[in-house]
Amino acid sequence: MTISPPLKALTIAGSDASGGAGLEADLKTFQELGVYGMAAVTCIVSENPQAEWRHDVFPVDLSVVEAQMSTILDGIGVQAAKTGMLGSYDLISLVVKTIKRNNTPNLVVDPVMACKGASTPLNPEIADSLRDDIMPLSTVITPNLYEAGIMSGLGEITSVAGMEEAAKALCKAGARTVLVKGGSKLAGATSAIDVVCIDGAVTRLETELVPDAYTHGAGCTISAAICANLAKGMPVMEAITEAKKFELYAIKGSFRLNRWVGPLRHDAWRRM
Ligand code: PXL
């Protein structure tokens, strides 16, 4: 029996020791979608059970991130890449330089600014750099409500109309495709509405709300699924809608790890 070699994808992201978010979520997602995953670790996040699961972030030295990206991009090559927690202006600059030099195709940018319960607050220069430096290189950028509000300068987003406005503003600022996530988080939501803006044109994507679901790592998972789908050659809208189907299964299968956290179930799509 022969099996053809897989398509390959890279995540440039933090490690989540609890396994639900960050590069752990990305690699599980790549694997489930049949793409060979590789990772350049940008920081290590541990959660402290003696301190109410406080997230502590330990950055990886820039030269070490650079060496990992070189292994993967100079030494191997990929059909797609994504970024997760980058955390510093200097690291964003390094990633931008590396992606440009390698002409890396199909870049998905998840503009992670802080994780829930993080011990370090957002550094505003990171939001500016994500928008001005890395967003123009992206095929898709996937901000949540909070990130979309900051990056677009619109502040707090409280309606689907606000999500659309933010998505359009980010397209205008240089993004090709923007997915604003998290309509389920809007007050009074009866379904989960995401907004996609492609070259200035807006579409709403509506999904059922899953009651009592855990969502740790949901943002990492959807952006990784889009990345895997782009690696496989799907057009961008199909890559997004297929990723949302994968994510819905994973959310339906989400489970409790302890009293603080519950991740998505990445293999749910083949078990339900
Ligand atoms: O979900 C945001 C996120 C991204 N990356 C890493 C994380 C988290 C949240 O915990 O730990 C590494």
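User: Which residues touch the most other members of the largest nonpolar core?

Analyst: This is a predicted model. In general, nonpolar side chains of soluble globular proteins tend to be buried together. Here the largest nonpolar core holds 43 residues. The members that touch the most others are Ile134 and Val178.

User: With which residues is Val178 in contact, leaving aside its neighbours within four places in sequence?

Analyst: Contact here means heavy atoms within 4.5 Å. Neighbours within four places in sequence are left aside. The partners of Val178 are then Ile141, Pro143, Ala167, Leu170, Cys171, Val195, Val196 and Cys197.

User: How many residues are in the other core, which lies apart from that one?

Analyst: Leu33, Val108, Leu205 and Leu230 are among the members of this other core. Its number of residues is 22.

User: Are helices H3 and H4 roughly parallel or roughly antiparallel?

Analyst: H3 covers residues 89–102, and H4 covers residues 124–134. Their axes come within 9 Å and cross at roughly 10°. Angles under 35 degrees count as roughly parallel. Therefore the answer for H3 and H4 is roughly parallel.

User: Which residues of H4 make the contact with H3?

Analyst: Both helices supply side to this contact. From H3 come Tyr89, Ile92, Val95 and Val96. From H4 come Glu125, Ile126, Ser129, Leu130, Asp133 and Ile134.

User: How many nonpolar residues does the contact of H3 with H4 have?

Analyst: The residues can be sorted by class. One is polar and two are charged. The nonpolar count is seven.

User: Is the ring pair of Trp53 and Trp260 stacked or edge-to-face?

Analyst: The count of aromatic pairs comes to one. In the pair of Trp53 and Trp260, the ring centres are 5.4 Å apart and the planes are at 10°. Planes under 30 degrees apart count as stacked. So the pair of Trp53 and Trp260 is stacked.

User: How many residues apart in sequence are the parts that this pair ties together?

Analyst: Trp53 lies in the loop between strand S2 (36–48) and strand S3 (54–59). Trp260 lies in the segment after helix H8 (236–252). The pair therefore ties together parts whose separation in sequence is 207 residues.

User: Is Trp53 buried or exposed?

Analyst: Buried means under 20% relative accessible area. Trp260 has 27%, so Trp260 is partly exposed. Trp53 has 15%, so Trp53 counts as buried.

User: How far apart in space are Pro49 and Trp260, C-alpha to C-alpha?

Analyst: Pro49 is found in the loop between S2 and S3. Pro49 is partly exposed, with a relative accessible area of 43%. In sequence, Pro49 and Trp260 are 211 residues apart. In space, C-alpha to C-alpha, the distance is 8.8 Å.

User: Is Glu52 buried or exposed?

Analyst: Glu52 also has its place in the loop between S2 and S3. Its phi is near 55°, a positive value in a residue other than glycine. The cut-off for exposed is over 50%. At 54% relative accessibility, Glu52 therefore counts as exposed.

User: What is the phi of Asn106 near?

Analyst: Asn106 is found in the loop between H3 and strand S5 (107–109). At 24% relative accessibility, Asn106 counts as partly exposed. Its phi is positive in a residue other than glycine, near 55°.

User: Is Pro263 buried or exposed?

Analyst: Pro263 has its place in the segment after H8. Its contacts beyond four places in sequence are Gly20, Tyr214, His216, Ser254, Phe255 and Leu257. The relative accessibility of Pro263 is 4%, so Pro263 counts as buried.

User: With which residues is Glu242 in contact, leaving aside its neighbours within four places in sequence?

Analyst: Glu242 has its place in helix H8. Glu242 is partly exposed, with a relative accessible area of 29%. With those neighbours left aside, the contacts of Glu242 are Asn229 and Met234.

Methods. Residues numbered from 1 in each chain as written. Predicted model: local features only at pLDDT ≥ 70, side-chain atom pairs only at ≥ 80, totals over all residues. Heavy atoms only, no water. Core = buried A, V, L, I, M, F, W, Y, C linked by side-chain atoms within 4.5 Å. Buried < 20%, exposed > 50% of the residue type's maximum accessible area, 1.4 Å probe, protein only. Axes fitted to C-alpha atoms, helices over the stretch in contact; angles between N-to-C directions. Helix = DSSP H or I, 4+ residues; strand = E, 2+ residues; numbered from the N terminus. Parallel < 35°, antiparallel > 145°, perpendicular 65-115°, else oblique. Nonpolar A, V, L, I, M, F, W, Y, C, P; charged D, E, K, R; others polar. Phe/Tyr/Trp six-rings, centres within 6.5 Å; stacked < 30°, edge-to-face > 60°.
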